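Here's a quick tour of the model on your screen. Have it open and follow along.

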Amino acid sequence: MSSQSKYPTSLFSSNLTFTGENENSGVLAIAGCSGEKLVKEFGSPLFVIDQADFFLRAKSWRQVLDTSFGGGQLYYAAKSFICVEVAKWLKELKLGLDVCSAGELAVALAADFPASDIEFHGNNKSESEITTAIKAGVGTIVIDSFDEITRVSDIAKSLNKTQKVYLRLTPGIDAHTHEFISTAHEDVKFGFSIASGAANEAIKKCMEQSSLNLTGIHCHIGSQIFEVDGFKAAAQRLVAVLATFRDKYSKELAELNIGGGYGIAYTKDESAISPDVVIPAIASVIKDECAKAKLALPRISIEPGRAIVGPTTTTLYLVGTTKSVKLDNGSERRYISVDGGMSENIRPALYGAVYSAFLANRTSTAKSISSRVVGKHCETGDILISEINLPSDIKAGDLLAIPATGAYGRSMASNYNHISRPAVITVINGTARVILRRENEQDLLNLDVDQPPRQIS
Ligand SMILES: *Cc1c(COP(=O)(O)O)cnc(C)c1O
């Protein structure tokens, strides 16, 4: 691994170039490929991954883990975005993979991703998923509930295997956005509460199962977090659990997984949390706490998803229609409709996520005016950007780019209104390649069947 893998300072895809005097219009290229040509070649909407940027971000997280802890593992969170090609990249990068369904596991295995480097998550894994995971030789199953302790143990026993497991703990940190709140009880569906004693009870139950090999504990305190304090507080509480374990069982748990959730920028007003800041801060807490408790430093793992893939990707859209409306306060708002919407980016509608956009096929000298970027779905709430200043002359046929759409965009995409999910391409050094093709109408019709009724009662 290169020793100069610094996390890119650019908020969006590092190889995105934009020529124009304005900051909201110009001619866009990514890794030397013109946005307009990409859409001509591959259609619109289009997810464009800057492949070199992906590698740079993944390597820089991996590297700061190495320098802060002298090793450890990075499990890329598949749910942020996965396909066979990306799983191959992760294998090439020698990273681990965090999956939370049989489907995500199937993608990893289709890429010949080493099962031993996979971690299986989820608060309600089915028996069939657990069986598939154990049979495939998945490295670690992260157990999330008391039901699951017996379920995983029984299935491992029936397969004559000893399964390595972690327990997912809830350290009582509420770290949603820019702040974190420390709470005594944990009103969430995930994991075993430390404060209530459930965590220690789960450890005890796990230790009683001969088919389970408990090697560590895990927590994931939330997503899109910008403050290091929440991570530090969580780390401290997990080390306390490790100390309690050592006192009770006279041996040490060797692994500690502190999850993902590192925040990225979606607009130029925001900035990402840097791995070079957050990981050393967590490391110093863990080292101090372990030294105080006279514990050996556990092997640390982290699970970033968004912070690796999010900034690498830009969505390109064609503008279809525009209109202006008068608001109650007398001002005007322009609606810009693009050829996608909530089906390939549900985040604004789902939880008010904020994005930015640029006119990407020409420089405009027109005045910037209050605009709203909307999709083509039959929902008033099908809004991609609620309020943004864009050139007043944007018109049908123009190209609009929304950056930082790599995480939880395509992976949360739906077929609402029977709109096909867009293609994902990667660009590098002036070349482009489809890695997930666009769905077509036949794909949409493939599940419709015409069967005779079967007797059930
Ligand atoms: C979602 C999730 C992640 C990744 O979160 P990001 O915000 O994408 O970094 C990591 N671990 C677990 C358990 C998760 O559920």
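## A cis proline

Pro 45 sits in the loop between helix 1 (35–42) and strand 4 (46–50); helices (H or I, at least four residues) and strands (E, at least two) are DSSP runs, numbered from the N terminus. The peptide bond joining Ser 44 and Pro 45 is cis, with omega at about -5°.

This is a predicted model, where local features need pLDDT of at least 70, side-chain atom pairs count only at pLDDT 80 or more, and totals for chains, interfaces and linings use all residues. Residues are numbered from 1 along each chain as its sequence is written, and side-chain values use heavy atoms, with hydrogens and water left out.

## Two positive phi angles

Lys 294 isn't a glycine, yet its phi is positive, about 55°. You'll find Lys 294 in the loop between helix 9 (275–292) and strand 15 (299–302). Is Lys 294 buried or exposed? Lys 294 is exposed, at 68% relative accessible area (buried is under 20%, exposed over 50%, partly exposed in between, with a 1.4 Å probe and protein chains only).

Tyr 408 also isn't a glycine, and its phi is positive, near 60°. Look for Tyr 408 in the loop between strand 22 (399–403) and strand 23 (423–428). With 8% relative accessibility, Tyr 408 counts as buried.

## The whole chain

Zooming out, the chain has 12 helices and 24 strands. Its C-alpha trace spans about 70 × 65 × 45 Å along the principal axes. Of the 457 residues, 53% count as buried.

Take the contacts (heavy atoms within 4.5 Å) between residues at least 6 apart in sequence: 70% of them join residues at least 24 apart.
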